[in-house]
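The entries below follow the order in which I looked things up.

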Number of protein chains: 4
Amino acid sequence: MGQADGWRALVAGRLLHGGLRWGLAMADGGGLFGGLFGAGGARTGDTAWLQAMLDTEAALARAAERAGVAAAGSGAAVTAAADASLFDLDALGQAAARTGNPVPALVRELRSLVNGPAARAVHAGATSQDILDTAAMLLARQSLTAILADLARAADAAAALAAEHDETIMIGRTLLQQAVPVTFGLVAAGWLTGLDEAREDVARVAATRLAVQFGGAAGTLAALGEAGPRVAGLLAEELGLAAPPLPWHTGRLRLVQVAAAAAGAAAVTGKLARDVTLLAQSEIAEVSEGGEGRGGSSAMPHKHNPVVAILILGCTKRIPGLLATLAAAAEQEHQRAAGAWHAEWETFADLLRLTGSAAAWTADLLSGLRVDADRMRANLDAAGGFPMAEQVAALLAPVLGPTQAHDLVARASASAALAGLPLADALTTGETGHTITAAGITKVQLSDALDPAAYLGSASVFTQAALAAHRATTQRLSQPDSFRTG
Amino acid sequence: MGQADGWRALVAGRLLHGGLRWGLAMADGGGLFGGLFGAGGARTGDTAWLQAMLDTEAALARAAERAGVAAAGSGAAVTAAADASLFDLDALGQAAARTGNPVPALVRELRSLVNGPAARAVHAGATSQDILDTAAMLLARQSLTAILADLARAADAAAALAAEHDETIMIGRTLLQQAVPVTFGLVAAGWLTGLDEAREDVARVAATRLAVQFGGAAGTLAALGEAGPRVAGLLAEELGLAAPPLPWHTGRLRLVQVAAAAAGAAAVTGKLARDVTLLAQSEIAEVSEGGEGRGGSSAMPHKHNPVVAILILGCTKRIPGLLATLAAAAEQEHQRAAGAWHAEWETFADLLRLTGSAAAWTADLLSGLRVDADRMRANLDAAGGFPMAEQVAALLAPVLGPTQAHDLVARASASAALAGLPLADALTTGETGHTITAAGITKVQLSDALDPAAYLGSASVFTQAALAAHRATTQRLSQPDSFRTG
Amino acid sequence: MGQADGWRALVAGRLLHGGLRWGLAMADGGGLFGGLFGAGGARTGDTAWLQAMLDTEAALARAAERAGVAAAGSGAAVTAAADASLFDLDALGQAAARTGNPVPALVRELRSLVNGPAARAVHAGATSQDILDTAAMLLARQSLTAILADLARAADAAAALAAEHDETIMIGRTLLQQAVPVTFGLVAAGWLTGLDEAREDVARVAATRLAVQFGGAAGTLAALGEAGPRVAGLLAEELGLAAPPLPWHTGRLRLVQVAAAAAGAAAVTGKLARDVTLLAQSEIAEVSEGGEGRGGSSAMPHKHNPVVAILILGCTKRIPGLLATLAAAAEQEHQRAAGAWHAEWETFADLLRLTGSAAAWTADLLSGLRVDADRMRANLDAAGGFPMAEQVAALLAPVLGPTQAHDLVARASASAALAGLPLADALTTGETGHTITAAGITKVQLSDALDPAAYLGSASVFTQAALAAHRATTQRLSQPDSFRTG
Amino acid sequence: MGQADGWRALVAGRLLHGGLRWGLAMADGGGLFGGLFGAGGARTGDTAWLQAMLDTEAALARAAERAGVAAAGSGAAVTAAADASLFDLDALGQAAARTGNPVPALVRELRSLVNGPAARAVHAGATSQDILDTAAMLLARQSLTAILADLARAADAAAALAAEHDETIMIGRTLLQQAVPVTFGLVAAGWLTGLDEAREDVARVAATRLAVQFGGAAGTLAALGEAGPRVAGLLAEELGLAAPPLPWHTGRLRLVQVAAAAAGAAAVTGKLARDVTLLAQSEIAEVSEGGEGRGGSSAMPHKHNPVVAILILGCTKRIPGLLATLAAAAEQEHQRAAGAWHAEWETFADLLRLTGSAAAWTADLLSGLRVDADRMRANLDAAGGFPMAEQVAALLAPVLGPTQAHDLVARASASAALAGLPLADALTTGETGHTITAAGITKVQLSDALDPAAYLGSASVFTQAALAAHRATTQRLSQPDSFRTG
């Protein structure tokens, strides 16, 4: 129930109780590198952290009041004071060194702002970790929401490319060598499927794995007596997060799972960005980035660098190391970890920020991608028929046997390449030509086998399947309850 | 549909078409370290790889025959020859260096074993990557099946501990310091919830993310003409794997997701193994490992080391690095990656093997764990009442205000600790005693506040919730269709 | 020569040409977590980056002037304008998204500040990467200098502990079990040796691996005609960095080596911080942190957490993932990498910041560490003689043979432990006692074998060797030329 | 002294005392993937581990005899029995699960082979970790020796390429876009410098950081009484390893440093392999691999894949994750780690094996690399003069100012590219042509500025500097004492 609510809050992009305040957040895009690696809507900077902690404290006060363990009016009073703009970030940060985290100083400050009986509702029954962990979940929800929106935008753009280029023929490349013909539609469909599968995974963890952490000093909520579970449930309700069966202070699977889903999404964007940088190489030039005025060089006036794809890679290449740190940090001692917990804070925020940035750049990249179908065809034609070698071998296999056919064509390819001639020449002359004729293969058969447009196999079938799956994903992600697992 | 089938095969532990042959697999537990890091049922050694590749080739021949693109009898003929014991592993390995992977040599060898028209059904329409990737999925299925069985055994053992020790009081420890009382039942419930959540995730990826890879040279299945998708679908059916919308040769999200789910499970076992090593410390001695004859030292005859927990950590500490490698390797170029794909093979196998080993050791560890409830109580009693400081502060807070109450008790704790006295002494004497009396707190109230058994809060509620969730998970995992997502 | 200069600058802690401006740098200790993870003297925040880039541009202008390729006065004019406080960080960051890095915008801004003929000296012959990479080297030098100072402080403190506690007996612990006696002096000597070896390595990379990057558009310095190498050499001289044989734009070994040396230092601090958290456990309590007022808990007034050791671990646990990112990013394409280079910037800065923070906290930790020798002795005495089992086995081995002796003592240990008796009891009674007596072992021999103080072996010899090595390291690090390798 | 000896043993490639037995080692190149990822001379498989452990035990027995703590003849007797072929690997591996490592079973087996008084010399004063850690150092020495030999071969090949192609002009590429002209000599010189710097680092750690680990139960060598340091010193001498100031059982910096140096070498090979895969792309085709018969495809008969470069990348992409595991595992508890130590064994061996494989493949790759200078020139000529844009801008800058010059040429480049014309056309016609003429630039000046051969800057100077540095490195590495640091 809490999870369905959480999901609805997510889909609506509504940020309960703290929503309007995100505007205060120090733009993550600020600073020297923020425009590069803090693009997108994920907000994980200091102000976002602070406000999320305050939102948690405010929700706790409201929950405590509703549960009858705090004075009437406490919730409203604490909520009013729980405004990041009223706090001195740097002072909190310096005070944090005394206790190892910023919460104790925050609590004292918040209590002093509230005053009166409501002050007792501040931090009721909680320990520092409750506040920081729940705040991390709020940050994750905000970030995953932004990431999902950008991934959806990216997937729609990939779908448009796949549909438009269903018949745009180009050379496929394996191990960075020209292989056999494919379509650009199929290439874009591959990107699309990755994006859609990543969306499903991110949506799943956002809907099912974001939960309140609330356990008090060591996970028993002893300070709240019998009211513990009730306050915990109301806290979850106030924040639109799930209520877990028991506190997860040293059970970090949720964090690892959120990070892994984000890392999966980042990996998908990294793959397609890598493709774009390769397809945009001067010698290939089959795609280029849109974006007026982007991609210039300080030294070389003629350059048009694929800046956006590069920035995506600049983000995604950092994710695996951060994911490893979080996975390793999951080995946490007893009821609160001595160091492994602390190692998570900036790491988790960086991972969300970079994934958000990669997702946003990807939406931009695919929306503006310029595809040069003529150049694709020209590159294919310039390939001298070599990409059709497999098809020729297949033509010969029934007569010569697969191994002999493969080897004959391999030799012909080698000698044509050596002589700088098209494959067709090597197949129709000399001993090879004789062998083929002797095998009863006609010129028309050979010519057909050398036509790339006739050798696209199931490219279009696959592209259409990816488009159908995209529609299904989009449909499913608008029906949040499909993700409820309990 | 394919996925539901895949799931049923998984749950049944039935290994289609290759099942009986796993017995041939070189025990992963062999070799100098295999008894340590290759424990458990996951089979990912060379023979397992080879047989999985052969199973894929055999299934492909059967699928080709069923689709009408291979001669009648081809499937049976290839299947008969696809037996790892007929192949020379080392020779294949050496030949692999010519092409960069062992499949081409395998195909030639298999064709020569089959002979006749069926030879043409070998590797029909496929490329090396189709065989290796699909084999990796078969390895993953076998490994995840074994991992799930061991995680289930471990979870049942954790549930038994949680139920048995629901009222076993012990000191909770945060930041490696004694904190407030908890129960061992709650500790075990925390392990249990982690194991159950990991099981859900592993079962989910096993049921939904294991899919055939079949795309031919560059993902179009051009060599099969129009028959491509039909052969692909039948291949999936033959192997009990899902049929993806399109080939995933350079879309590696599936691999990353399988690895991440396994890494999550490993992280859960690492956390509890860390707890066991800490609780088993000579000075704490609240738990010890069963296992007769285990844990001796070559140098120190008196030692009883927590060997099993240590081996779990010896496995789990290697997982984050392997996961990072796989996540980074997901950046794959065009239609086949030049290096990143190759980096996955041993890494993926190692990750599955180590997770399998950790899961198996965990089932052993929890099944045999010896819990010393008397020692737990003794350690708590020896704590001098300090763990009750929070409760005393809570008692005083309504009268003195939360901050003043906190600070008063902090000072009393410090002076009692300094003097080597129980906390009670410092609270009833001197200025502190006076302040407390003056605040109207009675001796009985103070004494009650100092009783750990009265300060367990919701420990039992949480433990029971975890046990209920465990029953639900076990129930759900016997109803495979709940995981179908399409 | 350049390297010796670089070294002298390093040892002196003098920051050439930009020295006074570091004071402007946004304290890395700012923000919500800066007090925790940005402690120490390493400055790697935005302002530090910006000033380092400006210092590079200024040095380049001076070098160009000295080489005769820029107008007289250019150096001074550009140097005067190269002041971070004159630039709008956020504006540069936003403009960076157009080109993929902040340098082009910086260059335009700097040129507009300079005006006149000197404007042509700005960025003479350079490309963006030259500025960013050289700035990274300047950041590294400043950070490594700070790290070395803190490591030296930490090593001196460890040496003082080792010397003071050369005879302080305590129980050694292996696999988290009590093993045989050691001294705390030996424990501290182990920390000391790690710190000293890390210092040697950090000093080595600081003195030999920090080099100017200056290659122009693609590493030929073509824009400077024949003056290229001369300008490059003068640039190195101006900055006190080494001049490499050729530009290293896509040869990233230097970065990896600096990161690895820092990571090694961090690993050493992590090991000792782990020891401190374990020795400070409530049940062991052999050490505690100094630091008045540190280590309190928001929920539990009685707690005295080892906050500093925890913060060290909170830093060090993040280093391996960052190191892996940098090592992976070293795979850079052609003459400038598309993404891998970009992934380094924040990662390298984070790694330096966190290592700096760990080093600073370690110096604090060891300087203030409280060692409770009485508690150490009490814990040892409470061990019931079991830690002497090895010695007893050694006493028996010449008579019974090593295997039989080991097994006899192992059985005696087990039965004594089971009965809750000291080891001595099990060795002097029953069949075991009989066997020992029959073997001709006297009571005095047995009693001597059970005396821990007589079983310290070479503890003191090793401790003194570590102290001697410490003096040698300190001596060597004051003679910089020993590190010159060319 | 021990270190100089160690170094001499290393340079000579002589493997003291165990030399001849390495032949027994199960070829690491065995198995399904061994031909790919176990190429090269590094031996880190099970037999190599076992023999290294036996070599350590044998050396210890000889050292004990020399120190007078073991009977005369013990050394020879144990050495005779310390032959891996006499042991059952699988049995040892299974027994290892009882104690958590294979040493106790090995010791019992070895003692039973020796018999008589010499049996007491087996494992004298040692603990399991002493044997495993010292064996790891022996493995490292053997592997690093092989790696150094292959890196030297690779560097010599790179030097030959650099020298031969000092004047081979080609287009430089930044961010995967054509930039300005370079030479292939300079490209090869960049690879060379990386290889040489890696050699220096690997040689340094091999000569200075490989040390005996010998501390007994908890690092005091108590079981040896006063003889400890003397036996330790003789053990180091017997094995040709350094004698450390004190045992390093939980001070893992040596392991991290060896791993980091190897990882640095791997990173260098990964960079050049990436370049080769890119330069070998069908559309670029400036280099190709030699190696007859290598690089075929099972599906596509025409392909000539850069298999060797791909296999290098298949190795190097796995190193960062392994390095991170080792760096993280350096956080080891007290006197022996519970898990972190165990996590090192296979990881360290894998890292050495993969680095060895990458180094061997690199030597092959560079020795056989085919460079197509004509194609390089053709690709450059096909670039339409755009790579000269920087030079043209430089020509105009003194007249128009640098920013205006840059922008004018950028606009001309864009319009020429759009029109499919060479840059020269856009510079000589229309308004741009007018501006340039008006600025007083002559046609000859413009034509000169558009000549790539005149725009190579310091390419040759840098290439020659790298060649000189290579000679110096080769010279230095034949004078081992330069690495002695004490």
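Predicted model: local features only at pLDDT ≥ 70, side-chain atom pairs only at ≥ 80, totals over all residues.

**Entry 1: chain D against chain A**

I began with the interface of chain D and chain A, where I found 9 residue pairs in polar contact, both residues at pLDDT 80 or more. A polar contact is a pair of N or O atoms within 3.5 Å; within protein, one must be able to donate a hydrogen and the other to accept it, and residues adjacent in sequence count only if both atoms are side-chain atoms.

I noted which elements of chain D supply at least two residues each to the side that touches chain A: strand S1 (169–174), strand S2 (177–183), helix H10 (253–279), helix H15 (389–400) and helix H16 (402–419). Helices (H or I, at least four residues) and strands (E, at least two) are DSSP runs, numbered from the N terminus.

Residues are numbered from 1 along each chain as its sequence is written, chains are lettered from A and ligands numbered from 1 in the order in which they are written, and side-chain values use heavy atoms, with hydrogens and water left out.

The contact (heavy atoms within 4.5 Å) takes 37 residues from chain D and 37 residues from chain A. Chain D and chain A bury about 3000 Å² between them, and 57% of that lies on carbon and sulfur atoms. Buried area is the accessible area (1.4 Å probe) that two parts lose on being put together, summed over both.

I counted 2 salt bridges across the interface of chain D and chain A. A salt bridge is a side-chain nitrogen of Lys or Arg within 4 Å of a carboxyl oxygen of Asp or Glu. A:Arg173 and D:Glu283 meet in a salt bridge, at 2.7 Å from N to O.

**Entry 2: the symmetry of chains D and A**

How is chain D laid on chain A? I found that a turn of 180° and a shift of 0.0 Å along the axis do this with an RMSD of 0.0 Å. The two copies are thus related as by a two-fold rotation axis. The superposition is by least squares on the C-alpha atoms of residues with pLDDT of at least 70 in both copies. Of the residues of chain D, D:Glu283 comes closest to the rotation axis, with its C-alpha at 3.2 Å. I also noted that 100% of the interface residues of chain D are interface residues in chain A too, so the copies meet through the same surface.

**Entry 3: chain C against chain D**

I turned next to chain C, of which 84 residues are in contact with 84 residues of chain D. Chain C and chain D bury about 7000 Å² between them, 64% of it on carbon and sulfur atoms. C:Glu331, C:His334 and C:Phe462 supply 10% of the area that chain C buries against chain D, more than any other three residues.

I counted 12 salt bridges between chain C and chain D. One of them joins D:Asp407 to C:Arg108, at 3.1 Å from N to O. Helix H10 (residues 253–279) of chain C gives the most to the side that touches chain D, with 13 residues. By class, this side of chain C has 43 nonpolar, 22 polar and 19 charged residues.

**Entry 4: salt bridges within chains**

Over all chains, the count comes to 96 salt bridges. In chain B, B:Arg66 and B:Glu237 form one, with their closest N and O atoms 2.8 Å apart. B:Arg66 lies in helix H3 (residues 46–66) and B:Glu237 in helix H9 (residues 228–239), 171 residues apart.

Terms used. Nonpolar A, V, L, I, M, F, W, Y, C, P; charged D, E, K, R; others polar.
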